[in-house]
Amino acid sequence: MKDWVQRKLNDVISDDVQAKMKEKMAESGITVPISASMLMRIFQKQMTKQDQIQQFSISFQDSYIHVNGIIKKFLVRIPFSIVLEPLEAKERTLLFKIHEMKPLNQNWINYRIFHKPPVTTYEEKQIHINLNEIDKVKVIPVGKIKQFSIQDEKLRVKIGL
C-alpha cells in the first residue's frame, strides 16, 4: 500500500514539491514540555529505602539539569550536587553526561541514583532517561525524539516521525 501511494505521488507531484513535503514532514512534530516535578516523579517512583537517598530535588538552570540530595553510605550522610548536560536523543531516550559533580565524582553514587532500569540507566558516565514513563509522552503512540532543549525552566522535547 505504501509503495502504491508513493508511486501515485511520484506521478502527480514534481521532485521539488515532493522534496519540500518530505522536509516539512521531517520538521513537524509535537513539542512536549516536561517540568522538573515530572522528572522528580519518575525518579521517586523508582527509589527504594535501600537507596538511602534523601532530600532529592531536580531543577533546570540555563541549559543544564541540576540534581541535589543526600545519600547515606555506612551511616555517613554525603550531600551531592550533580549537573547534567544534554547530549543526544535515541528513539524516546535522552542521553545526558555528568558535567559536574560535587563533592566527588564517584561511580557508586551515580549508579545508586541513576541506574533504575527500565526508566533510567547509568553506564559509562552517561545517564539514559526513557521518556515513555512520562504520561505526556506516553500519550503520543508513535514517533521518536527529533530535538530537545531546556528553556523557561522546562525540558522541551519535540516528538515526530
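How many bridges pair β8 with strand β9, and in which sense? I looked this up first: β8 and β9 (residues 154-160) run antiparallel over 7 bridges. Ile150 stands opposite Leu155 in β9.

Notes on what I'm working with. This is a predicted model, where local features need pLDDT of at least 70 and side-chain atom pairs need 80 or more, while totals for chains, interfaces and linings use all residues. Residues are numbered from 1 along each chain as its sequence is written, and side-chain values use heavy atoms, with hydrogens and water left out.

Next entry, the sheet. I found 3 strands in an open, antiparallel sheet, ordered β1-β9-β8. β1 (30-34) and β8 (144-151) each have a single partner strand, so one side of each lacks a neighbour in the sheet. From one strand to the next the twist averages 25 degrees. Strands (E, at least two residues) and helices (H or I, at least four) are DSSP runs, numbered from the N terminus; strands pair if DSSP finds at least two bridges between them.

Then the aromatics. Rings of Phe, Tyr and Trp (its six-membered ring) pair with centres within 6.5 Å; planes under 30 degrees apart are stacked, over 60 edge-to-face, the rest tilted. I get 2 aromatic pairs. Phe43 and Phe56 have ring centres 5.7 Å apart and planes at 55 degrees, so this pair is tilted. Phe43 sits in helix α3 (residues 36-46) and Phe56 in strand β2 (residues 53-61), so the pair ties together parts 13 residues apart in sequence. Phe43 and Phe114 pair edge-to-face, 5.8 Å centre to centre with 75 degrees between planes. Phe43, Phe56 and Phe114 form one aromatic cluster.

Terms used. Axes fitted to C-alpha atoms, helices over the stretch in contact; angles between N-to-C directions.
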